[in-house]
Amino acid sequence: MWKVLTAAVLVALLVWEPRSFPVGLGGAACGLLAALTALQVGQVLGALLFRVRVSLLVIGVGGELRTWNGPRRRVVLRSVPLLMTVGLTSVRAPVRPRLWLTALVSVLLTALLVAASWLPGGPFWRGFAVAGTAVLVNALVPRRGAGTTSPGWFLFALPRLTGRPVAELEATPMVNEVSDALNAGELDTAERVAEQLLREHPDLLVAIGSRIGVLTLRGRYAEALRAVSALAGRTDLDQRDMAFVMAEMASSAANAVEAGQVPAEVGLPAAQRAAEGALQLGYPTHRFAGTLAQLALLGGDPARAEELARQAASASESGLSRADALATVARAQMASGDNAAARRTLVEAVELAGWSPRVAETNARLTID
C-alpha cells in the first residue's frame with residue numbers, strides 16, 4: 001500500500017508542476033512527517049478524552065536521550081524529535097467504544113491538518129497536501145497484523161467484530177492488571193488475577209498469555225512452554241494470533257533451554273522453527289529481537305547475540321522487557337570473556353527489574369565470578 005501511495009504522490013507532483021518538483025518534494029516530506037505525527041498526537045488526545053491508557057510513548061527517532069519507566073507506562077525521548085510512536089491499552093469497560101472514539105479523534109485531527117494544507121496553494125503546500133492526503137488514506141485502510149493496527153481497522157472493522165476476538169478485547173482491563181503487577185514485580189498479585197482471568201475465560205489467548213507471563217517470571221519455563229505449545233493445534237486462530245503463539249513458543253523454548261529445563265537438542269530446534277514461523281506470519285522483527293538474541297547466544301554466537309539484544313533494549317516497550325534484553329547483553333559479554341562490561345550493563349537491568357529470574361541469575365553469576 002505504501003509503495004503505491006508513494007508512487008502516486010511522486011507522479012502527482014511531477015504532473016502538477018514539473019518545474020517546481022524539488023519544492024513540492026520538500027513539501028511532501030514535511031506533509032508526510034506532519035500527518036504521521038498528527039495521527040499519533042490524535043491518539044494521545046483521544047486516549048485522554050476517553051480514558052484509554054497510553055502504555056508507551058516514544059518521541060523521536062535515533063538513540064535514546066532519556067527514558068521514564070513505570071509499571072503502567074514507558075516514555076522514551078530519542079535524539080531526533082521527528083516522529084512519535086504511541087501504544088494504547090484500554091483499562092476501562094466498555095473497551096470497544098473507547099478504542100473507536102480514540103481512533104476517530106486521531107483521524108479527525110489528521111483530516112483537519114490535511115484539509116488546511118490544501119488552502120494556501122503554491123508548490124510547497126501542494127506537495128504537503130498531497131503527501132498528507134496519502135498518509136490519511138493509508139491510515140483509513142483497515143489493517144490489523146501482529147505488528148500494528150491501523151486507525152481504519154478501529155473505525156470500520158472493530159464495530160463489526162464478533163465472537164472470541166471481541167471477548168479478547170473486552171478482557172484487556174484484567175490483562176492490564178496482570179501486566180502492571182508483573183512489571184512491578186508483584187508476582188502473587190499477578191498470579192491471582194491471571195488465575196481468575198483464566199477461570200472466567202479459559203479459551204481466550206489473552207488469558208492463557210497472562211498465565212504464561214506469570215509462569216515465565218516465576219522461572220517455570222518448561223510449564224510455560226507446555227501451555228503455549230497446546231495452542232498450536234487450535235483451529236480458531238487467524239494469522240495474527242498464530243504469529244503471537246509462535247513468537248511466545250520460541251521465547252519459552254529459548255528460556256527453557258537456557259535454564260536447563262529442556263534439553264538443548266530438543267528445545268533449540270523447536271525454538272528456531274517457532275521463530276521462523278512467527279516471522280513468516282508477520283511478527284515484527286524489532287519486537288522479536290530479544291528472542292533472536294537468546295537463540296544466537298544459545299547457538300554460540302555472542303557477538304550477534306549482543307547486537308540483537310541491544311536492538312531489543314532500544315525497542316523495548318516496558319522496563320521489564322528492557323531489563324530482560326540487557327540481561328542478554330550481559331550474558332553475551334560474559335560469553336565473550338568481558339565480565340567487567342557485563343557488570344556495567346547489568347546495573348540498569350537490576351534497577352529496572354532485579355527480581356526477574358534472568359536478571360537475578362545473571363547478576364548472581366557475575367557476583368560469583
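Which residues does V228 touch, not counting residues up to four places away in sequence? V228 touches I212, V245, E248, M249 and S252. The legends below place V228 in context.

This is a predicted model, in which local features need pLDDT of at least 70, side-chain atom pairs count only at pLDDT 80 or more, and totals for chains, interfaces and linings use all residues. Residues are numbered from 1 along each chain as its sequence is written, and side-chain values use heavy atoms, with hydrogens and water left out.

**View 1. Helix 9 packs with helix 10.** Helix 9 spans residues 205-217, and helix 10 spans residues 221-229. Helices are DSSP runs (H or I, at least four residues), numbered from the N terminus. The two pack at an angle of about 165 degrees, with their axes 8 Å apart. That makes helix 9 roughly antiparallel to helix 10. Axes are lines fitted to C-alpha atoms over the stretch in contact, and angles run from 0 to 180 degrees between N-to-C directions. Angles over 145 degrees count as roughly antiparallel. The crossing is left-handed (the near helix is turned anticlockwise from the far one by less than a right angle). From helix 9, I208, I212, L215 and T216 meet Y221, E223, A224, A227 and V228 of helix 10. Contact means heavy atoms within 4.5 Å. By class, the contact has seven nonpolar, one polar and one charged residues. Ala, Val, Leu, Ile, Met, Phe, Trp, Tyr, Cys and Pro count as nonpolar; Asp, Glu, Lys and Arg as charged; the others, Gly among them, as polar.

**View 2. Helix 10 packs with helix 11.** Helix 11 covers residues 239-258. The packing angle is about 155 degrees, and the axes are 8 Å apart. Helix 10 and helix 11 are therefore roughly antiparallel to each other. Their crossing is left-handed. Helix 10 brings Y221, A222, A224, L225, V228 and S229 to the contact; helix 11 brings V245, E248, M249, S252, A253, N255 and A256. These residues divide into nine nonpolar, three polar and one charged.

**View 3. Helix 11 packs with helix 12.** Helix 12 covers residues 264-280. The angle is about 155 degrees, with axes 8 Å apart. Helix 11 and helix 12 are therefore roughly antiparallel. Helix 11 passes helix 12 in a left-handed crossing. A243, M246, A247, M249, A250, A253, A254 and V257 of helix 11 contact A264, G267, L268, A271, A274, A275, G277 and A278 of helix 12. The contact has 14 nonpolar, two polar and no charged residues.

**View 4. The largest nonpolar core has 40 residues.** A nonpolar core is a set of buried Ala, Val, Leu, Ile, Met, Phe, Trp, Tyr and Cys residues joined through side-chain atoms within 4.5 Å. Buried means under 20% relative accessible area, exposed over 50%, partly exposed in between (1.4 Å probe, protein chains only). V228, V245, M249, Y283 and F288 have the most contacts inside this core. Helices 9, 10, 11, 12, 13 (285-298), 14 (302-315) and 15 (319-335) each supply at least two of its residues. Helix 11 gives the largest share, ten residues. Apart from this core lies another, of 31 residues, among them V178, L182, L217 and A353.

**View 5. Two prolines, P165 and P159.** P165 lies in helix 6 (residues 164-170). P165 is partly exposed, with a relative accessible area of 32%. P159 lies in the loop between helix 5 (151-157) and helix 6. Leaving aside neighbours within four places in sequence, P159 is in contact with R96, W100 and F154.

Notes:
Angles under 35 degrees count as roughly parallel, over 145 as roughly antiparallel, 65 to 115 as roughly perpendicular and the rest as oblique.
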